[in-house]
Amino acid sequence: MSFLKVENLSKHYGGQRRLADWVTGNKPFTVRAVNNVSLTVEKGEILGLIGESGCGKSTLGRAILRLHEPTSGRAIFDGTDLSTLDAPALKAMRRRMQIIFQDPYASLNPRRTVAEIVGLPLQLHGIASGEEARAITAKIIERVGLKPNQMDRYPHQFSGGQRQRIGIARALVSNPEFIVCDEPVSALDVSIQAQIIALLQELKQEMGLTYLFISHDISVIGYLSDKVAVMYLGEIVEMGPVDAVLARPRHPYTQSLMSAVPDIDNPGKGARVRLTGDLPSPVLPPSGCKFHTRCPLAIDICRRTAPVTETVGPGHQAACHRLAEGIDISQTGAA
Ligand code: SF4
């Protein structure tokens, strides 16, 4: 049994007719942010979730934790179907499942001290209060690299990297087992990114944590992850062990992401693939394969029929009509 199993999870927004739609005669629209996503994460593993901004990665992370209520499907955490939990049971489960947010500026309450921000989960989950809570808070603050004598300061008195350390301390103070790391380094300077990534790795080892690590940077995902899932317009298009997926990406979208990564050991690797156009709107997604409007390999069937997910290696799956041809678009000059 997997530690986390996500089955056919979807999150759609809108779809209901608002008063303004009745007045204007407009039809309500539905944003299909996440569609039928299935994946597993084993205990102690890091699953890297990669894709462009707006592809639904963060929505998926939040839907797994039920911070955003899924439209359909379910997430099973350590044998418990989260979709069946009522509010008190979900609150109790949240002690074991936490999130680190992307923006270390917007995610901290500017009117609370660090001690109040980091200590809040202890109170919410009834773990500790008063001096005991303050002692636990001081310990975790020190562990993430801040000084306990900074506990009574406010978030604006810290740098971006320090604020992200505060966010990490808040996520860890309740001693969770699973963390959704929602682009935790993308708002930080490159030098600070390395420090935060190293800290997250150390904490994972020390505390036996399991991560869903969300990023748009395939180098970060490749460095950190055990497995990788590639997301395009709300769907997983390729997933597998990180070594297998990055060494031989099978989906044209993954190939385009990989072609942008410089390879010092292999300077003669294939050409960089530059996708044309923007990510299509999740309100009106393309028919057939959702990637066909930007795929250099698209053929007729791609515009009509969505490809099914196929196994292409041990634990490695991809969804593309042209998998059997074994094409790598960075080698073909197709882009
Ligand atoms: Fe490209 Fe067609 Fe494969 Fe989609 S199914 S990724 S459009 S070749």
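Start with Cys55, which is buried at a relative accessible area of 2%; buried means under 20% relative accessible area, with a 1.4 Å probe and protein chains only. This is a predicted model, where local features need pLDDT of at least 70, side-chain atom pairs count only at pLDDT 80 or more, and totals for chains, interfaces and linings use all residues. Residues are numbered from 1 along each chain as its sequence is written, and side-chain values use heavy atoms, with hydrogens and water left out.

A disulfide here is a pair of cysteine sulfur atoms within 2.5 Å. By this rule the count is 0 disulfides. Cys295 is buried too, with a relative accessible area of 15%.

A cavity is a set of points on a 1 Å grid over the protein atoms alone where a 1.4 Å probe fits but cannot get out; lining residues have an atom within 4 Å of a point. Volume is the space filled by probe spheres set on the points, which are joined across faces, edges and corners. The structure has 2 cavities of 30 Å³ or more.

The largest cavity holds about 90 Å³.

Now the packing. The largest nonpolar core has 93 residues, and Leu60, Ile64, Ile168 and Phe178 touch the most other members. Such a core joins buried Ala, Val, Leu, Ile, Met, Phe, Trp, Tyr and Cys residues through side-chain atoms within 4.5 Å. Beyond its neighbours within four places in sequence, Ile168 is in contact (heavy atoms within 4.5 Å) with Ile100, Val144, Ile196, Leu199, Leu200 and Leu203.

Finally, the domains. An automatic or database assignment sets their bounds: domain 1 (4–18 + 29–96 + 176–331) and domain 2 (110–174). Their centres, taken over C-alpha atoms, are 30 Å apart. At the contact, 17 residues of domain 1 meet 13 of domain 2.

Note on methods
Buried < 20%, exposed > 50% of the residue type's maximum accessible area, 1.4 Å probe, protein only. 1 Å grid on protein atoms, 1.4 Å probe; cavity = no way out; pocket = protein on both sides within 12 Å on 5 of 7 lines; lining within 4 Å.
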